[in-house]
Amino acid sequence: MSHLILDRAADTLRQPRVANVAIGFGLRFVRGKLASGEQLLMGLERRSAKHCNPGDHWLDDAGCGALDGFGTRDVGLFELCAKFDSIEIWVDPLPNDQLVLVWLLDLLRPYKEITTKLNLVYADDSVADYAAEAVAKWKLPTFKVADNHFVMASRAWRAYRAETPESCFDLLMTDLMIFPRLRSALIALLEELPDKVTGLGASEMDMLGCVNEGHTDPKYISEARWYRDVFDGRDAQDALIELAEYSGPPVLLGDPSFNNDDRYFGRSEWKVTLTELGRSLVAREDDMWRHNPIKRWWGGTELTNERLWRWDRESRSLVAP
C-alpha cells in the first residue's frame with residue numbers, strides 16, 4: 001500500500017521511511033502580499049515553461065531522490081497524489097502551518113479522488129525540530145478528513161484573504177475545534193496587526209523589548225520571534241531592517257548599510273540601539289504611524305495610514321480605521 005505524507009518537515013519524515021514519499025510546502029502566508037489563487041495553483045501544476053524562476057514550482061526545493069519510484073521533480077501535486085493509496089497531511093502548530101493547512105484543504109476540496117484518501121496528523125510541536133529517529137517512534141493519531149473539515153477550511157482561507165480582518169476575528173466566535181490549533185493561530189496572527197497604541201505588531205514589539213533589555217546583536221534580537229513563532233527568520237530580519245532603514249524617524253539606530261551577504265554570514269558589526277522614538281514605543285507612549293507612512297499587508301488586508309486596522313491587546317479586540 002503506497003503512502004504519501006505532505007508536511008513542511010519532509011526531510012525529517014523522509015529519513016526514517018515512515019512513508020513511500022514525504023514532500024513539503026515552503027509557502028509563507030504570514031508576512032507580505034499574498035499570491036493570487038491563480039499563482040498558487042500554477043506553482044502546483046506539472047513543471048512547464050511557466051516555472052522559469054527558482055521557487056516557481058512546488059518541488060523546486062525537493063531533494064534528489066525524494067520521489068524515487070513515483071515520478072520526477074516535474075510532477076504536479078494532483079498528479080502525484082493520484083499515485084498513492086493513502087495521503088497524510090502532517091500539521092505543525094505554528095500559525096503559518098495552520099494557514100497552509102486550510103489553503104491546501106480548500107484547494108483539494110473539489111478533487112474527490114484525492115480527498116477520499118486524506119488523513120490529518122496533528123503534531124504538538126514543530127516536527128523539523130526533532131531528529132528523524134525520534135519522529136519515527138511517535139504514535140500520533142490520524143483523523144479522516146471529512147466534509148466539515150473542508151467547509152471550515154474554505155471559510156478560514158476566505159476569511160484570511162478578505163480585504164479586512166473582520167472575517168478572521170468573527171471566526172473566533174465560532175466552534176473551531178475541528179482544527180485544534182486554528183483558534184490560537186488566528187489570535188497570534190491578529191496580534192501582529194498594528195497595536196492600538198504603538199502601531200507595531202506583537203513580534204516587532206518583542207524585538208524592541210529585547211533591545212531595551214540591552215541586547216545589541218541583530219541576529220540575537222531577531223530571535224525574539226521565537227516568543228510567538230509567527231515570523232520565521234527572514235520575516236524577523238526584514239522587520240528589524242525596516243525599523244532601522246525604512247522608518248522616517250528611525251526606531252532603531254545602527255549601521256544597516258552592509259550588504260545582504262554580510263547580514264547572512266554574520267560578518268557585520270552592526271550594533272542595534274533604540275532611538276528616542278523606539279524608547280517611547282517600548283514605553284507605549286507614542287504611535288509609530290503618527291510619524292511614518294505605512295504600507296503593508298496582513299493576509300488580504302492592505303494597511304495604510306488612511307485604512308489602518310489595529311489590535312487592542314487589552315480587550316483582545318479588533319479596532320476599525
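1. F29 and W103 are both buried, where buried means under 20% relative accessible area, exposed over 50% and partly exposed in between, with a 1.4 Å probe and protein chains only. The model is a predicted one, in which local features need pLDDT of at least 70, side-chain atom pairs count only at pLDDT 80 or more, and totals for chains, interfaces and linings use all residues. Residues are numbered from 1 along each chain as its sequence is written, and side-chain values use heavy atoms, with hydrogens and water left out.

2. The structure holds 10 aromatic pairs. Rings of Phe, Tyr and Trp (its six-membered ring) pair if their centres lie within 6.5 Å; planes under 30 degrees apart count as stacked, over 60 as edge-to-face and the rest as tilted. The rings of F29 and W103 have centres 5.8 Å apart and planes at 70 degrees, so this pair is edge-to-face. It joins distant parts of the chain, 74 residues apart: F29 lies in the loop between strand 2 (21-23) and helix 2 (37-43), and W103 in helix 4. Helices (H or I, at least four residues) and strands (E, at least two) are DSSP runs, numbered from the N terminus.

3. F29 also pairs with W157: the ring centres are 4.9 Å apart and the planes stand at 50 degrees, so the pair is tilted.

4. Ring pairs connect F29, W103 and W157 with F25, W58, Y160 and W298 in a cluster.

5. Most residues other than glycine have a negative phi. R284, which is not a glycine, has a positive phi of about 60 degrees; R284 sits in the loop between helix 14 (276-282) and helix 15 (288-291) and is partly exposed, at 24% relative accessible area. R316, likewise not a glycine, has a positive phi near 50 degrees. R316 is found in the loop between strand 10 (310-312) and strand 11 (317-319), and its relative accessibility of 46% counts as partly exposed.

6. R109 lies in the loop between helix 4 (95-108) and helix 5 (112-115) and is partly exposed, with a relative accessible area of 32%.
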